[in-house]
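Please keep the sequence and the three-dimensional view at hand while reading.

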Amino acid sequence: MRWRNHKIITGLAVYSITGGLLSAACAAAGAVLPDVLEMGGLVKHRSVTHWPYPHLILALALFFWEWRNPSLLPYLLFFVAFGVVTHILLDCLSKSGVPVGIKPSNERRIALNLYKTFTVSEEITAAGLMVIFATTAYVRGFLNYQHLHLEVNLIAQLLGTLVGR
């Protein structure tokens, strides 16, 4: 899946669940990390960076860290890790799939074959998921002016606190 689709779908999915712009932005940023880690050709595409187990363990560890010690850092890191997991789930829908064996090799993969990257089937799959998550956000009231205004103010306050205002 193209990066833009990974980012938009993941951001919308997280926003439809949390109603938080900051959590959605962190997840959208994390949604491209598996492919970013492959840049430079040191790691084969959809191998170890797309192997779900280490990413699931990291996301769970961050979730429990945030749950036990609520603060900004574990919160942001959890959603970045959640974005990575979402990237892997979205790639499971493709023809190429992702490795799921005991080792991150290519012999065992989950590939639901709903789309092939860089084709119309990817765009249709992406558009369908975007509609589902945007509709969910709308129904939950996360797309109304009041909610969005509160979210933007919250981020502005956070940034003001971080820069010492």
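This is a predicted model: local features need pLDDT of at least 70, side-chain atom pairs count only at pLDDT 80 or more; totals for chains, interfaces and linings use all residues.

When neighbours within four places in sequence are left aside, valine 14 is in contact with Gly19, Ser23, Ala24, Ala27, Phe79 and Phe82.

## Threonine 10 in helix α1

Threonine 10 belongs to helix α1, which covers residues 3-18. Its relative accessible area is 0%, under the 20% limit, so threonine 10 is buried. Not counting residues up to four places away in sequence, threonine 10 touches Ala27, Ala28, Ala31, Gly83, Thr86 and Leu90.

Where does the side chain of threonine 10 place a polar atom? A polar atom of that side chain lies 2.8 Å from the backbone oxygen of histidine 6.

The structure holds four salt bridges. In one of them glutamate 122 pairs with arginine 2, and the closest N and O atoms are 3.5 Å apart. Glutamate 122 lies in helix α6 (residues 120-139) and arginine 2 in the segment before α1, so this pair ties together parts that are 120 residues apart in sequence. The two partners can be set side by side in terms of accessibility: glutamate 122 is buried at 0% relative accessibility, whereas arginine 2 is partly exposed, with a relative accessible area of 23%.

Arginine 4 and glutamate 123 also meet through their side chains in a salt bridge, at 3.2 Å from N to O. This pair links distant parts of the chain, with arginine 4 in helix α1 and glutamate 123 in helix α6, 119 residues apart. Arginine 4 counts as partly exposed at 39% relative accessibility, and glutamate 123 counts as partly exposed at 26%.

## A buried charged pair and the salt-bridge network

Aspartate 91 forms a salt bridge with arginine 46, in which the closest N and O atoms are 3.3 Å apart. The pair links distant parts of the chain, because aspartate 91 is in helix α5 (residues 72-92) and arginine 46 is in the loop between α3 (33-36) and α4 (52-68), 45 residues apart. Elsewhere, salt bridges that share partners join Arg2, Arg4, Glu122 and Glu123 into one network.

Serine 94 is placed in the loop between α5 and β1 (98-99), and at 1% relative accessibility serine 94 counts as buried. Its side chain reaches the backbone oxygen of aspartate 91 at 2.7 Å, and a polar atom of the side chain lies 3.0 Å from the backbone nitrogen of glycine 97.

Residues up to four places away in sequence set aside, serine 94 touches Arg46, Ala111, Leu112, Asn113 and Tyr115. Arg46 in this list is also the salt-bridge partner of aspartate 91.

## Helix α7 and its ends

Helix α7 (residues 145-162) has 18 residues, which at 1.5 Å a residue should span 26 Å, and its end C-alpha atoms are 26 Å apart, in agreement with that expectation. His147, Glu151 and Gly160 are buried in α7, and what covers the buried residues of this helix includes α1 and α2 (21-30).

At the N-terminal end, asparagine 144 caps α7, with a side-chain oxygen 3.2 Å from the backbone nitrogen of glutamine 146. Just after α7, glycine 164 takes a positive phi of about 90 degrees.

Conventions:
Residues are numbered from 1 along each chain as its sequence is written. Side-chain values use heavy atoms; hydrogens and water are left out. Helices (H or I, at least four residues) and strands (E, at least two) are DSSP runs, numbered from the N terminus. Buried means under 20% relative accessible area, exposed over 50%, partly exposed in between (1.4 Å probe, protein chains only). Contact means heavy atoms within 4.5 Å. A polar contact is a pair of N or O atoms within 3.5 Å; within protein, one must be able to donate a hydrogen and the other to accept it, and residues adjacent in sequence count only if both atoms are side-chain atoms. The expected span of a helix is 1.5 Å times one less than its number of residues.
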